[in-house]
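Open the model in your viewer and keep the sequence panel beside it. This tour goes stop by stop: select, look, move on.

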Amino acid sequence: MNEAEFAYRIRQALDEGASQVDYTVSLRLEKARNAALDRSSASAAAPVWVPALQLAGAGGRSTERNGSALASWIFRFGMAAPLVALALGIVGIKQWQSDNLVAEVADLDFAVLLDDTPIDTYAHSGFGVYLRTEQASNAM
Amino acid sequence: MATRAELSEFLAGAERRAFKQALFAVRDQDNALDIVQDAMFRLSESYSDRPVGELPLLFTRIVQNAILDFFRRQKVRSTWITLFSALSSPEGEDSDPLESLEAQPGSASAESAQDQVERGQVVGIIEEEVSRLPARQREAFLLRYWEDLDVAETAATMKCSEGSVKTHCSRATQALAKALRARGIEL
């Protein structure tokens, strides 16, 4: 008897053994199978959360590609995009405020240099404070 | 994509063989059932969108991986137990326990067929001897001749060469024939 014939007879015995498993085993296997099927159908029926950016870029085809590598990357990008936008916004606001401050100081310096500053300005106590603060910051 | 009915039909046809394979490997009914359940979950969650024709090979691979995961977890657990009990393992750290794992006489699976009728006894003895094969030999033999995988598919599932599959199958056949002959069973 060669290997294939021997294996075929072993296979028959194994098939017979597999068909005669205990009732408790059959029951547990059936429960496991139903639970597995529920997981499958539940995941298929569940609404898929689509990030706004992904929806805008991919149109209505996003669900077709759900599960693929591309969809995964788009999903990750959709998750990260709002954070990136927030960070860029904060940096932009800071830069805008800084530019405004520089422009105000430049206007003031320019007015002083051109002697356009009203005479009352020199008498104002705040102007003296401003000058001392500027000198202190320049000295540092 | 497999429908729910197709997936159910496939699992119903494959679950008992998967259970038996897991039982041959781990020799504990509850652990074997857990392995099969885990494999079913993995298949339905991750691969239910695949065509029906791909399911048998996928499920076979998932079951084999689940069995390997079980042994890995068991190895980690036994390593910690060894550390705390100060008992040294008789095998080296690098040795693969699946290569030389032998059945223990008197185990639950070995005694399961004792009260069966004659045919049932023969089936039980065959299952027992299959269970006693070294793990890699048994895995190759069952994948090749019970799951009907070809040599290349078996090699891919076992993550070894096709030559190793042939060697494992040949050795398993010889060992099984010898063991059955010694117990008075001629096929």
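How many helices and how many strands are there in chain A? Select chain A and switch to cartoon: six helices and zero strands are there. From the N terminus on, the elements of chain A read α-α-α-α-α-α.

Two notes before going on. Residues are numbered from 1 along each chain as its sequence is written, while chains are lettered from A and ligands numbered from 1 in the order in which they are written. The model is predicted: local features need pLDDT of at least 70, side-chain atom pairs count only at pLDDT 80 or more, and totals for chains, interfaces and linings use all residues.

**Stop 1: colour by confidence**

Colour both chains by pLDDT, the predictor's confidence in each residue, from 0 to 100. Chain A averages 77, and 76% of its residues score at least 70. A contact means two C-beta atoms, placed from the backbone, within 7 Å.

Chain B has a mean pLDDT of 83, with 82% of its residues at 70 or more. For the model, ipTM is 0.71 and pTM is 0.57.

**Stop 2: helix 1 of chain A**

Select residues 3–19 of chain A. At 1.5 Å a residue, these 17 residues should span 24 Å; the end C-alpha atoms are 24 Å apart, which agrees. The expected span is 1.5 Å times one less than the number of residues.

Which residues of this helix are buried? Show A:A7, A:I10, A:A13, A:L14 and A:G17: they are the buried ones. They cover an arc of only 120° around the axis, which puts them on the same side of helix 1 of chain A. The arc is that of the directions from the helix axis to the C-beta atoms. An α-helix has 3.6 residues a turn, so residues three or four places apart point the same way.

Buried means that 20 or more other C-beta atoms lie within 10 Å of the residue's own; exposed means 12 or fewer, and partly exposed lies in between, with C-beta atoms placed from the backbone.

**Stop 3: across to chain B**

What do the buried residues of helix 1 of chain A pack against? Select helix 1 (4–26), helix 6 (118–132), helix 7 (135–145) and helix 9 (162–182) of chain B: these are the partners.

Next, show the whole contact region. In it, 33 residues of chain B are in contact with 25 residues of chain A. On the chain B side, helix 1, helix 2 (29–46), helix 6 and helix 9 each give two or more residues. Helix 1 of chain B gives the most, with ten residues. By class, this side has 18 nonpolar, seven polar and eight charged residues. Ala, Val, Leu, Ile, Met, Phe, Trp, Tyr, Cys and Pro count as nonpolar, Asp, Glu, Lys and Arg as charged, and the others, Gly among them, as polar.

**Stop 4: the fold of chain B**

Chain B has nine helices and zero strands. Buried residues make up 37% of its 187 residues. Among its contacts with a separation of 6 or more, 61% join residues 24 or more positions apart.

Centre on B:A14. Helix 1 of chain B bends there by about 40°. The bend is the angle between axes fitted to the seven residues ending there and the seven starting there.

**Stop 5: loops of chain B**

Select B:G53, in the loop between helix 2 and helix 3 (55–85) of chain B. B:G53 counts as exposed, with 8 C-beta neighbours inside 10 Å. Its C-alpha atom is 9.8 Å from that of B:F10, 43 residues apart along the chain.

Move to B:D148, in the loop between helix 7 and helix 8 (151–158) of chain B. Its phi is positive, about 65°, although B:D148 is not a glycine. B:D148 is partly exposed, with 13 other C-beta atoms within 10 Å.

Finish at B:K159, in the loop between helix 8 and helix 9 of chain B. B:K159 is not a glycine either, yet has a positive phi of about 55°. B:K159 is exposed, with 11 other C-beta atoms within 10 Å.

Definitions and conventions. Helices (H or I, at least four residues) and strands (E, at least two) are DSSP runs, numbered from the N terminus.
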